[in-house]
Amino acid sequence: MEKTEDTFHDYGYRDAFKLAYNQAEENGHAAVWTTSPFNGKTALVYQHIRGGGLCDTCGPVTGRRGPWTRSVAFEGFLCAECARSLQAVSDDISKAMGVTRWGSVRPVIEDADR
């Protein structure tokens, strides 16, 4: 697995995500780790597997795959069906709270294009 390290959000993460995506397409798997400049802790913030990773929610049963996905309450591989379900739950919560719908469930690689 290829690793891109020492990336902190708001500083080079878009390039790191794109680099990891391209490396994974060539080598099969790549990850981006971030190191906080405040406390030195390191965390996995993105990974890509060619063809998508096994869905963390239903994958062991269904075998479905999807991209590394982030939401307010989840970060991991999600297939399209589980991503739609999670977004629907998020929409229901927003509606119940009387707040504007927030498209919070999205593949992390989309963050690199914003």
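I began with Glu-75, which is partly exposed at a relative accessible area of 34%; the term covers values between buried, under 20%, and exposed, over 50%, with a 1.4 Å probe and protein chains only. I note that this is a predicted model, in which local features need pLDDT of at least 70 and side-chain atom pairs count only at pLDDT 80 or more, while totals for chains, interfaces and linings use all residues. Residues are numbered from 1 along each chain as its sequence is written, and side-chain values use heavy atoms, with hydrogens and water left out.

**Salt bridges.** I found 2 in the structure, a salt bridge being a side-chain nitrogen of Lys or Arg within 4 Å of a carboxyl oxygen of Asp or Glu. Glu-75 meets Arg-70 in one of them, at 3.2 Å from N to O. Arg-64 is partly exposed at 31% relative accessibility, and Glu-81 is partly exposed at 34%.

**Strands.** I count 4 helices and 8 strands in the protein; these are DSSP runs numbered from the N terminus, helices being H or I of at least four residues and strands E of at least two. Their order from the N terminus is β-α-β-β-β-α-β-β-β-α-β-α. An open sheet of 3 strands runs β7-β6-β8 with antiparallel pairing. β7 (75–77) and β8 (106–107) are at its edges with a single partner strand each, so one side of each has no neighbour in the sheet. β6 (residues 68–70) pairs with β8 over 2 bridges, in the antiparallel sense; pairing requires at least two bridges found by DSSP. Arg-70 stands opposite Arg-106 of β8.

**Cysteines.** I searched the whole structure for disulfides and got 0, the criterion being cysteine sulfur atoms within 2.5 Å. Cys-55 is buried at 2% relative accessible area, and Cys-82 is buried at 13%.

**Helix α3.** Is Ser-90 buried or exposed? Ser-90, in helix α3 (residues 80–97), is buried, with a relative accessible area of 17%. Leaving out residues up to four places away in sequence, Ser-90 touches Trp-102 and Ser-104, a contact being heavy atoms within 4.5 Å. Val-89 lies in helix α3 too and is partly exposed at 46%.

**Whole chain.** I also looked up the totals. Of the 114 residues, 38% count as buried. Among contacts between residues at least 6 apart in sequence, 44% join residues at least 24 apart. The accessible surface is about 7000 Å², with 54% of it belonging to carbon and sulfur atoms; such areas come from the Shrake-Rupley method with a 1.4 Å probe, and for residues only the protein chains shown count as cover.
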